[in-house]
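Keep the sequence and the 3D view open as you read.

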Amino acid sequence: MAEYGAESEQPQRRLGDKKHKNGELTDLPEEEKKQRDKEDHESLVLWKRPLLTLYYFSLELFITLKGWMWRLWHQRQTVFGLVMLLILFSIAYHIEGPHQKYVRYMEKKTLWCAYWVGLGILSSVGLGTGLHTFLLYLGPHIAAVTLAAYECGSVEFPEPPYPDQIVCPQQEGSISLWTIISKVRLEACMWGAGTAIGELPPYFMARAARLSGADPDDEDYQKFEEMLDQTESAQDFGSRAKVAVQKLIQKVGFFGILACASIPNPLFDLAGLTCGHFLVPFWTFFGATLIGKAVIKMHIQKLFVIITFSKHIVEQMVSLIGAVPLLGAALQKPFREYLEAQKAKLHHVTGEGTPAEENWLSWLFEKVVVIMVCFFVCSIVNSMAQSYAKRKRHDKSSDSKTE
């Protein structure tokens, strides 16, 4: 018995030696290492380890910028052509002449389109967590145009100040659902095009991984591969829904991608990974995504917002707020004041005095926007810091394998 006890203690001592060599855990079981890495990954956030997170973020930002500069150097002929076009446009912009009105018009439209495309990209690019720019920017813009159209009896708002400010025109016209849709079509389509562009990084990552045979250190792609391995054994509703989307895109192709992109679909994040993994041609993926998001889906979302904020439905919603027991009248008052203030601003003309001050609802909405933008920035910092930590662990494991 004593000999058996001594023999049973020897493997434990050897395991202990491996675990505590040089004060580090060097030979942990695979599951335990994954769990430890996951805990370290989740703890690397600004509100838990601010200094280390900011340090890793700065290092990852430097590596990212260095990579971009290297890619630009390899595409220096294209970059040189774009710089020459920019110089020519700058010369035309600063030289006086009859062409200036066209230059100013192009400048205004280009910046306006770039603004909405950028917001669309931020909504879907996946930097940490997407910024919900439809709820924060595009939805309120469509709602403001809808309310103004019913109040003014026209959508021919004078430019300037539109789109920075909406002022009712001197003469009323005729409005309909179609005229309001046409008024906000450019902004909505540009935003939708931006969301389609934001779906490209997962596509290129999965495509490159499939062609090279490498295993990218990306959690979403690793979960996607696990889902492919467990296709037949998926039990919960979420897993089955993801598998259904993956099969639809894989089997139907262009029209499957178009169907998934044309409806508000939280599972569409899998589309880029699926299409890249199965080497779907770029224009098949991007073309279907662009048509689905910038044309079909955007018209569905526009119709929803326009109908919701039409004059009679808004009045009904305010009336329903007043029907809430006990708090109805107190809640109804600020909403009515806010709507009256917005109507007064629509009829305001420069030099006729200042319109009514906005109430606490507008103040609250502004603070919500600021909080969500700050959270988005923090999520980017956390995501890039965690990416650097993964890179560091990967380099360390590669060095240990080569030794």
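## Starting at a histidine

Let us begin with one side chain and its surroundings. His141 is in contact with Trp112, Trp116, Tyr162, Val184 and Glu187, leaving aside neighbours within four places in sequence; contact here means heavy atoms within 4.5 Å. His141 sits in helix α6, and with a relative accessible area of 13% the residue is buried. On this scale, buried means under 20% relative accessible area, exposed over 50%, and partly exposed in between, using a 1.4 Å probe and protein chains only.

Helices and strands are DSSP runs numbered from the N terminus: helices are H or I with at least four residues, and strands are E with at least two. Helix α6 also holds Thr133, which is buried at a relative accessible area of 0%. Beyond four places in sequence, Thr133 touches Leu119, Gly120, Leu122, Ser123, Leu138 and Trp191.

## What kind of model this is

This is a predicted model, in which local features need pLDDT of at least 70 and side-chain atom pairs count only at pLDDT 80 or more, while totals for chains, interfaces and linings use all residues. Residues are numbered from 1 along each chain as its sequence is written, and side-chain values use heavy atoms, with hydrogens and water left out.

The score pLDDT is the predictor's confidence in each residue, from 0 to 100. The protein averages a pLDDT of 75, and 71% of the residues score at least 70. Confidence is highest in α8, at a mean of 92, and lowest in helix α1 (residues 2-19), at 44. Over residues 1-26 pLDDT stays under 50, and the model has 12 contacts beyond four places in sequence for this stretch. Where pLDDT is low, the predicted coordinates should not be read in detail.

## The overall fold

The protein has 17 helices and 0 strands. Of its 403 residues, 32% are buried. Among contacts with a separation of 6 or more, 65% are between residues 24 or more positions apart. The protein exposes about 25,900 Å², with carbon and sulfur atoms supplying 63% of that area; accessible areas come from the Shrake-Rupley method with a 1.4 Å probe, and for residues only the protein chains shown count as cover.

UniProt, in an unreviewed entry, places the feature "transmembrane region" at residues 79-95, 115-138, 248-264, 270-292, 313-331 and 368-389. UniProt positions are given in the numbering used here, feature names are shortened, and annotations may be inferred rather than shown by experiment. In the model, residues 79-95 are 94% helix and 0% strand, with end C-alpha atoms 25 Å apart. Residues 270-292 are 83% helix and 0% strand, and their end C-alpha atoms are 15 Å apart.

## Nonpolar cores

Which residues have the most contacts inside the largest nonpolar core? They are Leu138, Phe157 and Trp191, in a core of 24 residues. A nonpolar core is a set of buried Ala, Val, Leu, Ile, Met, Phe, Trp, Tyr and Cys residues joined through side-chain atoms within 4.5 Å. At least two residues each come from α5 (100-124), α6 (133-152), α7 (177-183), α8 (185-197) and α14 (282-308), and α6 gives the most, with 8 residues. Apart from this core lies another, of 13 residues, including Tyr203, Leu258, Cys275 and Val280.

Phe157 touches Val145, Ala148, Ala149, Cys152, Tyr162, Ile166, Val167, Pro169 and Lys183, not counting residues up to four places away in sequence. One of these partners, Tyr162, is joined to Pro163 by a cis peptide bond, with omega about 10 degrees. Pro163 lies in the loop between α6 and α7.

## Aromatic pairs

The whole structure has 16 aromatic pairs. Rings of Phe, Tyr and Trp (its six-membered ring) pair if their centres lie within 6.5 Å; planes under 30 degrees apart count as stacked, over 60 as edge-to-face and the rest as tilted. Phe254 and Phe255 are edge-to-face because their ring centres are 5.3 Å apart and their planes are at 85 degrees. Phe254 is partly exposed at 29% relative accessible area, and Phe255 is exposed at 58%.

Trp283 and Phe286 also form an edge-to-face pair, 6.1 Å centre to centre with 65 degrees between the planes. They are 3 residues apart in helix α14, so about one helical turn separates them. Is Trp283 buried or exposed? At 62% relative accessibility, Trp283 counts as exposed, whereas Phe286 is buried at 11% relative accessible area. Ring pairs link Tyr203, Phe204, Phe282, Trp283, Phe285 and Phe286 into a cluster.
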